[in-house]
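Please look through the sequence and the structure below before reading on.

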Amino acid sequence: MRVINLILVLCLGIMAFGQVAVAGSKTAVIVVDVQADFTTAHKGSLAVEGSDEAYLKDVVKATGELKAAGLPIYATQDWHPADHMSFANNNKGSKPYQLITLKDGRKQVMWPDHCVQNTDGAKILLDEAVFTKIVQKGTDSNFDSYSGFKDDGGAETAMNKTLKEAGIETLVVYGIATDYCVKATVMDGLAAGYKIVVVQDLCRGVAPDTSKAAWAEMEKAGAVLWPSLDLKKAKEL
Ligand code: VGL
Ligand code: ZN
């Protein structure tokens, strides 16, 4: 073989390897439940401390930067029917934020009515054009679903199938609430085999003690906690 041909073959080989290397390291972002009812900025019914305009601005900015870096962006959306079992109003004698025991023995926190389907409170507070897909959860009146992957009855959302079909192996996760939906989504994502980075300053929690415990639980299960977004590192995941 002439030297020039050999060089050509080598170059093509290196280019092909480069393609494979890029395609093999697929990372996606999941923005968890950044919805009006969870924010103080929108006077939400279940407003989480510190979910003000400045927080939303940071989330929008970070999400835009990650998208510009080529990462597909997914969202979860809490999307309850009005008769949902997690609402204190639908459980006689219960009060919001109270922990009750259900008839089948499961524990369930009672919540104010929130994220009712097709209401302003359920709206995601980012331009929906940024998302490759929005995965709705908590749609079954009989089961809560903090996790974006499956509800408390074990029914899977579209999340795992969608990510698998897209060849996603690594997830960057942030949103609301640290101690409920962020934690549950991260734990189920790890169990499903994804490598997960959680960006702490882009998360807000319902309560400080449960949020602190949630960070420890996620880290123990294998999640990597980043205090803030490092765009350069995110591109290299
Ligand atoms: C959530 C409570 C009830 C959350 C959803 O997004 O963390 N918390 N439903
Ligand atoms: Zn909910």
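**Ligand surroundings in a predicted model**

The shell around ligand 1 comprises seven nonpolar, one polar and two charged residues, where Ala, Val, Leu, Ile, Met, Phe, Trp, Tyr, Cys and Pro count as nonpolar, Asp, Glu, Lys and Arg as charged, and the others, Gly among them, as polar. This is a predicted model, in which local features need pLDDT of at least 70 and side-chain atom pairs count only at pLDDT 80 or more, while totals for chains, interfaces and linings use all residues. Residues are numbered from 1 along each chain as its sequence is written, chains are lettered from A and ligands numbered from 1 in the order in which they are written, and side-chain values use heavy atoms, with hydrogens and water left out.

**Around ligand 1**

- Among the residues that surround ligand 1 are Asp33, Phe38, Trp111, Tyr146, Ile176 and Tyr180, each with a heavy atom within 4 Å of the ligand.
- His114 places a polar side-chain atom 3.1 Å from a nitrogen atom of ligand 1, and a polar contact is a pair of N or O atoms within 3.5 Å.
- A backbone N or O atom of Ala177 lies 3.0 Å from an oxygen atom of ligand 1, and a polar backbone atom of Cys181 is 3.0 Å from an oxygen atom of ligand 1.

How values were computed:
A polar contact is a pair of N or O atoms within 3.5 Å; within protein, one must be able to donate a hydrogen and the other to accept it, and residues adjacent in sequence count only if both atoms are side-chain atoms.
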